[in-house]
Amino acid sequence: MSPPPGPAEPYGYDFQRQAWFAQLGAVGYTRSPVMIWRAAPADQGGLIVQKWRQKIGAHMAAHMPARTAGVAVAITVGDRMYLDREVQQTLRAANLSHLLAISGLHMGLLTSLVFFLTRALLSCLPYLILNWPIKKIAALMSIGVGAGYLMLSGASVATERAYIMAFTIFAAVLLERRAITLHALAIAAILVLLLRPEALLGPGFQMSFAATGLLIIVFNAMSQWTWAARWPSGTRYLMGSVVSAVVAGLATAPIAAAHFNILPHYGVLANVVAVPIMGFVVMPSAILAAALAPLGERRWGFGA
């Protein structure tokens, strides 16, 4: 056993610092069989969730092509064990790695779909419309589904930030207040740093909050462009996709260069193509597969 090693190069990855926050006092190896000092504790909440993640990942990998399953498992439960190395390098070079990190895009798509679908289904019954607060019920449903997705995804920093922001927005719906996104981002930053103060110096925290903050500022400014409101909806959507890709790329490029010594080459074009596919095909298919899996009709979501 020996103390955790420090960075291999100046300003490199500091395993020693991460080990301190993870409460690891030493690392090492043994050439003889490991002797168990005491029995492992009974299954706790975290272990149960981890087992569910593994089962879901193994189930998806068994019913989908290998290359497709690696990406599907990564964006569904946050497990990259099945992800092909070549695919991962290609996504990184195209500045699409953020699609694998379960963050605002995934959480926003999931919770918003649950919100609108729940509200639409409840609106089919006139009695519920007249007597029940269906909008608040849909918000509560979205909060619950988002919490389940947070646990299944492994609760990374980006996912925590996304869920806290989504929770703040739906809480504003419950309280009949306006959901101011910059306030939600500030609340998310405070809570994440209270839970994980060491995340401040990590690339995940920096890239997630930098991209989200700049996107909020830019789109708040664009909302004042009255002349753009006269454009066709398709044109506005395309412009929003391009602006999102450019803004997110500008916000994260310096951080990526500092941490990973790489700058993406095709970020804008790749995101303009990939993000709509993620929003209109991939995430709805994942929700459909999850809903139909208990009925044995998973093929409609898996495409198999």
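**Exercise 1. A loop residue**

Is Gln23 buried or exposed, and what is its relative accessible area?

*Solution.* Before starting, know what you're looking at: this is a predicted model, where local features need pLDDT of at least 70, side-chain atom pairs count only at pLDDT 80 or more, and totals for chains, interfaces and linings use all residues. Residues are numbered from 1 along each chain as its sequence is written, and side-chain values use heavy atoms, with hydrogens and water left out.

Step 1: get the cut-offs. Buried means under 20% relative accessible area, exposed means over 50%, and partly exposed is in between (1.4 Å probe, protein chains only).

Step 2: apply them. Gln23 has a relative accessible area of 74%, so this residue is exposed.

Step 3: Gln23 sits in the loop between α1 and α2. Helices here are DSSP runs (H or I, at least four residues), numbered from the N terminus.

Step 4: check the backbone. Most residues other than glycine have a negative phi. Gln23, though not a glycine, has a positive phi near 60°.

**Exercise 2. Helix α9, end to end and side to side**

How far apart are the end C-alpha atoms of α9, and which of its residues are buried?

*Solution.* Step 1: take the rule. The expected span of a helix is 1.5 Å times one less than its number of residues.

Step 1: Helix α9 (residues 181-195) has 15 residues and should span 21 Å; its end C-alpha atoms are 21 Å apart, so the two agree.

Step 2: list the buried residues of α9: Ala184, Leu185, Ala188, Ala189 and Val192. They cover an arc of only 140° around the axis, which puts them on the same side of α9. That arc is taken from the directions from the helix axis to the C-beta atoms.

Step 3: An α-helix has 3.6 residues a turn, so residues three or four places apart point the same way.

Step 4: His183, Ile190 and Leu194 are exposed on the face of α9 turned away from its buried side. The cover over the buried residues of α9 includes α8 (157-174) and α10.

**Exercise 3. How helices cross**

At what angle do the axes of α8 and α10 cross?

*Solution.* Step 1: define the axes. They are lines fitted to C-alpha atoms, for helices over the stretch in contact, and angles run from 0 to 180 degrees between N-to-C directions.

Step 1: read the geometry. The axes of α8 and α10 cross at roughly 35° and come within 8 Å.

Step 2: find the handedness. A crossing is left-handed if the near helix is turned anticlockwise from the far one by less than a right angle, and right-handed if clockwise. α8 passes α10 in a right-handed crossing.

Step 3: name the contact residues (contact means heavy atoms within 4.5 Å). From α8 come Val157, Ala158, Arg161 and Met165, and from α10 come Phe205, Ser208, Phe209, Thr212 and Ile216.

Step 4: The axes of α5 (residues 104-122) and α8 come within 8 Å and cross at roughly 35°, and α5 passes α8 in a right-handed crossing. Among the residues making this contact are Met107 and Phe115 of α5 and Arg161 and Ala166 of α8.

**Exercise 4. Zooming in on Thr212**

Which residues does Thr212 touch, not counting residues up to four places away in sequence?

*Solution.* Step 1: Thr212 is in helix α10 (residues 203-222). At 12% relative accessibility, Thr212 counts as buried.

Step 1: Thr212 touches Arg161, Met165 and Leu185.

Step 2: look for a polar contact (a pair of N or O atoms within 3.5 Å; within protein, one must be able to donate a hydrogen and the other to accept it, and residues adjacent in sequence count only if both atoms are side-chain atoms). The side chains of Thr212 and Arg161 make one, at 3.3 Å.

Note on methods: Helix = DSSP H or I, 4+ residues; strand = E, 2+ residues; numbered from the N terminus.
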